[in-house]
Every structure is written in C-alpha cells, then in structure tokens.
Amino acid sequence: MTAVPTRSLMVILASSLFLGACSDNDEVMTGLLPGDPEPETWRFALEEVGGSVQDAWAQEFRRRIQELSDGQVQVEIYPYGSIGNSPHLTGLVRDGRVHLAFASPGHVADKIPEAGVFLLPYLFPEDDQATRTILSDPELGSLLEQAWASAGLQLMSLVPEGWITWTANQPLLEPGDFSGLRMRTMTAPMHNAVFEAWGADPVALPYGEVHEALQLGQVDGQSNPAFAIAEMQFHEFQSHMTLPAATRFVASVVSNREWYQDLDTTHREWLHGAIKGMPEFIDAIQQEYNQRSLQQLRESGRIRIHSLNEQQRTGFHEATGPAVDAYRAQAGKRGAQILERIQRLSEAERSAGQEEASAPDPAIKP
C-alpha cells in the first residue's frame, strides 16, 4: 500500500472539512463568521417616578436612540427611588456607574453654584417659545457647559418642566404670607435664599421625603410643578395652591463627562441626534401634564387654587433682591455672566413679544 505524503493528507482533510461545512444547509459555517455586535446598554436614572415628565423624556429618548442605532444601543430607565435619591443619582453619573441622569438645580447647585440661576424667580418670560429660545442660546449653553464640566458632568440638555406652584394651608398672595411659614425647599442653599427673602423659614428636604413631612406636619408648605403635586399626592395635606408664574422648573440631563468624551463619532452622533428636537417635544408634554393635573386638582375639591395678579407678582419680584445678591455671591464671575445673559435674552424676548402684540393686524384694513 502506497503511503500518502503528510502534506497531501493535510490537503485532503482540509478539503473534507470544507465540503462537510458546506453541507447540511451551511449550519456549521454560521458559527465561523462574526455575527452582529452585542447591543450596548446605557443606564438612565430619573429624579421622578414613572409616568412623569422626566419619564416621558426618557422614554422618547430611548425610542429615538434605538431607532437611530438600529438597536445597537439599548437604554435602561430607572425611575426615582429605584437606585437612590437625586444627589445619589448625580454621584452615580459622576462615578461612571450610570451613563445618563436627570439633575435638577435644587440639588446640583450644591456642587455647581451657577445652576442656582434656575431657582431665581421672575427670570424667564411667560411665553414658552421665548423660554425655549433662551435655553437654546449658544453663548448661554457654552457658559452652562463649562459650569457643569467643573463638576465632572457633561450637560446634554435643559428640560423645562413647567411653572412651579406653591401649596400651603393658607393662601400665599404676598410676601408677608410666607412669614414664619416652614416651607420645604430643595437641598441647594440657593433655594433657601429665595424663600428667606420672602420671610419663610426654609426646611431643606429631598423630594422623596416631602409627602411624609407634609403628612406629619414637619413642614407647612412646598413648591413644585402641578403635575408633580398631583402624582405625589402632596395636595392631600394642603388646602391652598398658588400659581405665581414666578419660577420655571428647569432640569438638566447630564452624562459622565469622561464617558461622553470617550464615545466614538458614530455613538456621539446618535446621542446628539436623539436629543435634537426634544425641547419642543417635552414642552408640549409638560404643558399637557400640568394642565391636566391642575384640572384634576380643581375637581378633587381638596385644594383651592389662586392665581397672582400683576400687582401681586410685582410685590414678590421686588422682594427677591436679597436672593439675587446671594446668587451672585455664591456663583462668582461665571454665574454673574450666566445671569446677565439670561436677563438680556429675556428682555429681548419680552420686547419682541410686546412689539408683535402692538403690531396692526394686516388682515384689518384701516
């Protein structure tokens, strides 16, 4: 029997393996070639419960990013309380254990004093579109991004969630009504300064502790957008709500700065693409949620709702001076630049709105 050379034997074996691999409907070949990459998961933490404005933002963001990435990026959403309170969530982002999170100025201003500007009343115009225009200003955005970066955070978006309302067991129609009132405030000292300027005794508490504090009588009042009051059932322990049209609740969406900088071009384009257009989307959502919640609160019969007139609002505005001074002292040079930029933009938007309102209707002939 003639021996087959070793080299020839190897060729025969390789050919047999190849032919065998090509048989049986190519099932074996499937495992020899790389398949689709495993989806990447981004963890997103909220400061509000499911069904809230923040949840609506996160759900829409998840839908968009998964569509843009063709499923290569998945988003896990963690509602408030599932992995910690607001300051804890920001710490998780800073440590890189959560990729994205909402961060409200009520606690972020502890680490980023410039964020306290969003706690100042009577800063933004009453028109929602005008406010969106201001928040999208490139110069303002650059100043804010620098401030957030100083705390190891990348500012991704600003999210207005509606006007903040006040609740208590008495009407709050002038600064004197706050005298001696134990008003729950967010944990940032800047929020305390606002209510101190009106004569209140601030009691700083995390969001998750407000319901119990109201129930036990540890605080006399609190401030939040209408949708938050309804969903957290704060009105069960309060008999009056005031609509001052003073302060807009503006939250921020943040990411870990190092994580953001390490994203490749494609992932960064997906991220920015998913966020583009979100201000218009969420503004419509917050208006719907707040209007619906106000109607529910009216119909509940548990709380009486008051709206401040122009004279009453002027009284509060004039009493806010000490809080503005406190902000300037806390936020330094960059904080002053941010405040002045917003004031300048707000004045321009108000002037434009007045000119538009006074312009003759072209459809009406003299």
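**Helix packing and salt bridges in a predicted model**

The crossing of α2 and α12 is right-handed, a crossing being right-handed if the near helix is turned clockwise from the far one by less than a right angle, and left-handed if anticlockwise. The structure is a predicted model, in which local features need pLDDT of at least 70 and side-chain atom pairs count only at pLDDT 80 or more, while totals for chains, interfaces and linings use all residues. Residues are numbered from 1 along each chain as its sequence is written, and side-chain values use heavy atoms, with hydrogens and water left out.

Helix α2 (residues 53-68) packs with α12 at an angle of about 145°, their axes lying 10 Å apart; axes are lines fitted to C-alpha atoms, for helices over the stretch in contact, and angles run from 0 to 180 degrees between N-to-C directions. Helices (H or I, at least four residues) are DSSP runs, numbered from the N terminus. The contact (heavy atoms within 4.5 Å) is made on the α2 side by V53, A56, W57, E60, F61 and R64, and on the α12 side by M278, F281, I282, I285, Q286 and Y289. By class, this contact of α2 with α12 has 9 nonpolar, 1 polar and 2 charged residues, where Ala, Val, Leu, Ile, Met, Phe, Trp, Tyr, Cys and Pro count as nonpolar, Asp, Glu, Lys and Arg as charged, and the others, Gly among them, as polar.

Side chains of opposite charge can pair when their charged atoms come close. The count comes to 14 salt bridges, each defined as a side-chain nitrogen of Lys or Arg within 4 Å of a carboxyl oxygen of Asp or Glu. One of them joins E126 to R313, with the closest N and O atoms 3.1 Å apart. This pair links distant parts of the chain, 187 residues apart, since E126 lies in the loop between α4 (105-108) and α5 (128-135) and R313 in helix α13 (residues 310-318). E126 is exposed at 51% relative accessibility, whereas R313 is buried at 12% (buried means under 20% relative accessible area, exposed over 50%, partly exposed in between, with a 1.4 Å probe and protein chains only).

A salt bridge also forms between the side chains of E139 and R341 (3.6 Å, N to O), linking helix α6 (residues 138-149), which holds E139, to helix α14 (residues 321-358), which holds R341, across 202 residues. E139 is partly exposed, with a relative accessible area of 43%, while R341, at 15%, is buried.

Key
Helix = DSSP H or I, 4+ residues; strand = E, 2+ residues; numbered from the N terminus.
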